[in-house]
Amino acid sequence: MSGISTKEVKKVAVSKELKPGNVVAKINNISIEVTKNPKDNNEEFQIFMELETRPIGGDFVGFDKVFNDPTRGQYLGQTKKIKYANWPISSIKGISKKTGKPFEIIASSKILEFLQKLLTISGNANWLHENDGNFKTFGSMFEAVNNTRLLNDVYMSWCLGGTESINAKGYTTYYVYLPERRLALNPVGAEGDVTVTTFNADLHIKKDLKKYAVNDDLENGEDAPNPLDILDSKLEVETNDEELFDMLD
């Protein structure tokens, strides 16, 4: 009697991209983007991090390290460029609706607080103090962190959230960022840190409802909406600055 044939069993494909969840990954690159708020012309900041998991092994082939040039090698783990948050970091002040107390959030303090946490995890807790006054912009500071490889090859535990959407081909895709603080008190820590927030899809994934509505209409044979309306429907921030402070208070 012959044994059980397994020739027809298909291998389960491993996604090249990280998705929301609890993951262990290192930071290959960190950067910061500065824009102006069109309402008040104040500066806003967004931190971006390019993450990569530990090597998958086997016949896994990741993205090209240099786009469209496979001779330069591929990433060995899953990768994803994520954001610090789903909204920009900005300086705000006002009166809390929740407590009635005045509040002030300073963007530079939030940025340095997060960077210090990453540097502490990587064993470089004194770096910011040692470089006091050495950088005129956050861009040059973050560039120095990359150039000196302070965060490279340091694996960390993460709780990644995001917005679930549908791309032009109808496939599910994710815009990944760290969950807001009221939903994840500790979204990143040293590898194995048990205090890192446990991922909960119901809390940490939002759906881009406009994209899903468009997809449902098309599947049901209804007329597609005006493309200009789609372009205008950027991922909406469901939390304004004042409500954000109430969450942190």
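Which residue does the side chain of Asp-153 meet in a salt bridge? The partner is Arg-149, and the N to O distance is 3.6 Å. A salt bridge is defined here as a side-chain nitrogen of Lys or Arg within 4 Å of a carboxyl oxygen of Asp or Glu. The structure is a predicted model, in which local features need pLDDT of at least 70 and side-chain atom pairs count only at pLDDT 80 or more, while totals for chains, interfaces and linings use all residues. Residues are numbered from 1 along each chain as its sequence is written, and side-chain values use heavy atoms, with hydrogens and water left out.

By this rule, 7 salt bridges are counted. Side chains of opposite charge can pair when their charged atoms come close. Asp-153 has a relative accessibility of 49% and is classed as partly exposed; the classes are buried (under 20% relative accessible area), exposed (over 50%) and partly exposed (in between), for a 1.4 Å probe and protein chains only. Another salt bridge joins Glu-180 to Arg-182, with the closest N and O atoms 2.4 Å apart. Glu-180 is buried, because its relative accessibility is 6%. Through shared partners, salt bridges connect Lys-26, Arg-149 and Asp-153 in one network.

A further salt bridge, at 3.9 Å from N to O, is formed by Lys-207 and Glu-164. This pair links distant parts of the chain, since Lys-207 lies in strand S10 (residues 205-207) and Glu-164 in strand S7 (residues 156-166), 43 residues apart. Helices (H or I, at least four residues) and strands (E, at least two) are DSSP runs, numbered from the N terminus. Lys-207 is partly exposed at 48% relative accessible area, whereas Glu-164 is buried at 12%.

Strand S7 also runs antiparallel to strand S8 (residues 172-177), to which 6 bridges join it; two strands pair if DSSP finds at least two bridges between them. Within S8, Tyr-174 is the bridge partner of Glu-164. S7 and S8 form a hairpin with 5 residues between them, and Gly-170 in the turn has a positive phi of about 90°.

Helix H1 (residues 107-121) packs against helix H3 (residues 138-147) at an angle of about 5°, their axes being 13 Å apart. Axes are lines fitted to C-alpha atoms, for helices over the stretch in contact, and angles run from 0 to 180 degrees between N-to-C directions. H1 and H3 are therefore roughly parallel, a class that covers angles under 35 degrees.

Conventions
Angles under 35 degrees count as roughly parallel, over 145 as roughly antiparallel, 65 to 115 as roughly perpendicular and the rest as oblique.
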